[in-house]
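Subject: Structure handover

Hello,

Please find the structure below. My notes on it follow.

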Amino acid sequence: MNAADAVDLTVDPCAGCRPLGALLALKGVEGAMTLVHGSQGCSTYMRLYLTRHFKEPFDVASSSLNENEAVYGGAQNLLKGVRNVLDKYDPSVLGVVTTCLSETIGDDVRSTLTHFVEQKLAKGMPAPRARLIHVSTPSYAGTMTEGYQAAVKAIVTELALEEAGDDRESGESDSTSSVATAEIPETPEAPDARAARSTPVSIILPLTSPAEVRSIKAMLREFGISAILIPDISETLDGGINGPHPLLPQGGASLSALRDAITSRAVLVLGEPSGTAVAEEEAPPPLQSDLCEAGTTLAMTAAAPLSLLPMPMGLRQTDAFLTRLAELSGGLPPHLRSARARYVDALADCHRLTYGKRIGIIAEPHLATAAAALLSEAGADVRVLATASKSPGLRAAVRAATSMPNGLPVVDAFLGGASYSASTDGLARSAEPQVLSASDHSSFIAACRTAGVELILGSAHAKAGAEELGLPLIRIGFPVYDRHGGHRQDHLFYDGSLRLLDAVCDALSE
Amino acid sequence: MKAAQSSSAAQVEHPGADILGSSEAGTGALIDERRAHVSLKHGSVSGADIACDTKSVAGAVSQRACVYSGARVVLNPIADVAHIIHGPLGCAAYTWDIRGSLSSGDQSYRTSFSTAMGETDVIFGGEPKLARAIRKVADERSPAAIFVFSTCVVGVIGDDIGAVCKAAEAELGIPVIPVRSEGFKGNKSDGYKAACDALFNHVIGREGVSEPAPLSVRLSHDGPGAEPVDTGRPLRQASPHLMNILGEFNIAGDLWEVMKYFEAIGIDIQASVTGDGRFADVAHSHRAALNLVQCSGSMTYLAKKMEARYGIPFKKVSFFGLEDMGRALIDTASFFEELGDADQSIVTPHGDLVERAEAVVRAEEARVRRALVHYRGRLEGRRAAVYMGGPAKALSLVKAFRDIGMEVVVIGTQSAKKDDYQAISDAVIEGTVIIDDANPIELRSLLRRQRADIMVGGVKERYLAYKLGVPFCDFNHDRDLLFAGYDGMIEFAREVDNAIFSPVWALADEDPFAGLPDRTSDDRRAS
């Protein structure tokens, strides 16, 4: 029995289920439509949940399984669903994700989809324009975090590698003719590196906000680096109102860009703790195993170096990402030096306020650890960190994120914040944060209460718990449906980190 | 404007291809199987033959949810119980904090409990885990009762939640009620039935639950929305005219808004099923003389069962819009007046119930109509598209829009039945498109074809409308505006006016950059 199963009761969950994460990742592929193979409610509830956060239409089809299919199998409904979606949406990619229902009744989605294409060809009909891909996402295995990663892995293996392989075999050569983000201009600073820079870099992203993906793209433009972002939800989940609205949102990583990934001169995976190295015997397990696996496969196929990097939040994590970009581009845009200096200046300005403040964070693993690093740099004392996911790499990632030059803050139990009770023993000296994996809001809030936490970072779902403790809540991650701009949160790089730091300081000053 | 109410000849036209023939994909917006679900109100043509109450078409992107969701939304507002979702995490996560149902005190219903089934539970069965979860909730939270919802995977692996609940109840001494809501066993309407069955079979008339004072008596003591306080002041005497309200979910406080009018007339509410509901209230709801059914789609089934077993008659009402609200008050008053005339045991004066109701309605209607003059002047002649879960609200909206000078030109629901579509067809004007179980592609085509000036629906429809430049008004579970009763009508008019006259729609049409060339990256570098 694994850890999550041992928890009998989840009170106020802090994650959606596995298929939901897959839908999010697939939204980062241009012209992609998704179909949930399960009961009608799965797709509708996930749409509702996603729409409330992103404030965008989010069409998801369903194979609408009923009792009959639960008994006799859902292949016919799946085929009908696929046909209808291809007919009405004409997508370039159709991602089929499974659910607890379709997985438990044992539907073989992959062979059903293969059979569908083969049948068409056998009848002399053209193969469907859409690439059909399948992501296995039984809702009882893992959370949306794992589902997101599984879909990214499918995008890499089925759309980047397999497609590129197909092209080579069939002699099509358009895969080398276009570079993914062709608009990225070259900077004048290092013209000698220009040729090398036109070869793309692939960056595999954990779940970030559309605004953060746009920030990463802008930063890449600053460096003059052509890059393929996998996935790219920057436009698809934060689109504009601008003339006729297409059935499927514009933007996303295009199929041709994904095929170019195989020519990458470097592969980056974001969201891993700093200092993570690949294939080292002693290395702790990665935080995001499927993302790292996708990155490794891509890097090996492209014969390119792989870098595992933390989310560029806070000082040192941003430094690490920008250093890597500088290596890849041959230099650092000078204004980033002043941006960094400004961030250090802000840390100096606020450290009296933030030092030793006890913080609780509940979010997805990559975000929770990145935020923990940002706050630790400000001298704050991350006491509790919780995620719904049960990544084996979490503890090591938190340790890496919260290790600071002068060690952990030392807090005098009797001079602590107002909510801190002197009768609570054993808290005087800060220790490593309490790390809760496979957690829910209820255990997180209980741990925050015991630890005398003074400020909480979490999603909109953390609101009730924060109110219960009478603590301020800074909304990060997903879902944030009770504030505007939850999907436009951008805490990346020095400027974005500064926004989060300011919010923390403002909350602590209230 | 009068609708063609004489159309009893049920000859139907399904011009799906004509109505929705030209979509951007060029293949038509309609999947063939969906043709019979779309109808055009035309002359004596009736909408009653519209195909409905069927399973959704695979791949059609239906806006419907599942059996579990139907049961969950109906039972969730019962405030003093714990709702445990037996299934994987997602089913609990997506139904947490999604309804604007308010409670005047106990907030137990807001906590999300899940067994968060994992792989081992699916392989070896989830019953032991469920039993432990129930025990834990009972021990740590002491709710008035526990509702246990089954989900898809529970149905597939065959967990016997009935047996688990029965054993838990015996062990723990509190009511533990199974809700048979496996997601795939039908559609949302079947979920309403599952919820009603749980209430009828396990709650209503339940022995051993001490009888509370009627809900409205308690609320008038503490004030709606206020935490109950022990003021030492005794509760007022309950009226002998006791009724239940079924299918009012107290979104944004709707129940409290209408309750005050019934109180003014002299009618008390024994139980609300389920908005601001309490377990004991529902358990004693069979003591009331009348059931008012507001959300007919979800609660008519329960009302019929209560009529059969307890002899409680029911009336379908709506508390939304001037006409429906007035009728609800007067019809209810006349029911109790007639009942009082027939029943000599009721000695309290009842002869003036209808008179009082009419006075209230007269005064309030006059007040609201004065307030609506302003909005009517601005909104006259505009066209609305309505897509609702059930038929009751959709029908009320047709009338409410007329109160502000507007007509509904697209009307659809997820789960209405033949009779409902007949009523809808009778109510709407010529040229209105009626649609069952619509999807985003169909809705966007209809918004354009029918030149709708506003769309009314839920959150899934909101952003679709916005992208098309169509104003939107939320009339669903998650709205935060009170739309019931007389002040609710003014609020509705204000919301429609806000939506339509916001500057955003005019700004969205401006394109100041149309004539400007794109600046290339070379130019950028030159700077």
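Among contacts in chain A (heavy atoms within 4.5 Å) between residues at least 6 apart in sequence, 77% join residues at least 24 apart. This is a predicted model, in which local features need pLDDT of at least 70 and side-chain atom pairs count only at pLDDT 80 or more, while totals for chains, interfaces and linings use all residues. Residues are numbered from 1 along each chain as its sequence is written, chains are lettered from A and ligands numbered from 1 in the order in which they are written, and side-chain values use heavy atoms, leaving out hydrogens and water.

Overall figures

Chain A has 19 helices and 14 strands; these are DSSP runs, numbered from the N terminus, with helices being H or I of at least four residues and strands E of at least two. Of its 510 residues, 64% count as buried, that is, under 20% relative accessible area with a 1.4 Å probe, protein chains only. The accessible surface of chain A comes to about 18,400 Å² (Shrake-Rupley method, 1.4 Å probe), and 51% of that belongs to carbon and sulfur atoms.

Helices 13 and 14

Helix 13 and helix 14 of chain A pack at an angle of about 170°, with their axes 11 Å apart. Axes are lines fitted to C-alpha atoms over the stretch in contact, and angles run from 0 to 180 degrees between N-to-C directions. The two helices are therefore roughly antiparallel to each other (over 145 degrees). Helix 13 contributes A:L315, A:D319 and A:L322 to the contact, and helix 14 contributes A:L336, A:R340, A:Y343 and A:V344. These residues divide into 5 nonpolar, no polar and 2 charged; Ala, Val, Leu, Ile, Met, Phe, Trp, Tyr, Cys and Pro count as nonpolar, Asp, Glu, Lys and Arg as charged, and the others, Gly among them, as polar.

The loop between helix 13 (315-329) and helix 14 (335-354) holds A:P333. A:P333 counts as buried because its relative accessibility is 4%. Leaving aside neighbours within four places in sequence, A:P333 is in contact with A:E222 and A:F223.

Helices 15 and 16

Helix 15 (residues 365-377) and helix 16 (residues 394-402) of chain A pack at about 25°, with axes 8 Å apart. They are therefore roughly parallel to each other (under 35 degrees). The contact is made by A:P365, A:T369, A:A372, A:A373 and A:S376 of helix 15 and by A:L394, A:A397, A:V398, A:A401 and A:T402 of helix 16. By class, that gives 7 nonpolar, 3 polar and no charged residues.

Regards

Technical notes. Buried means under 20% relative accessible area, exposed over 50%, partly exposed in between (1.4 Å probe, protein chains only). Angles under 35 degrees count as roughly parallel, over 145 as roughly antiparallel, 65 to 115 as roughly perpendicular and the rest as oblique.
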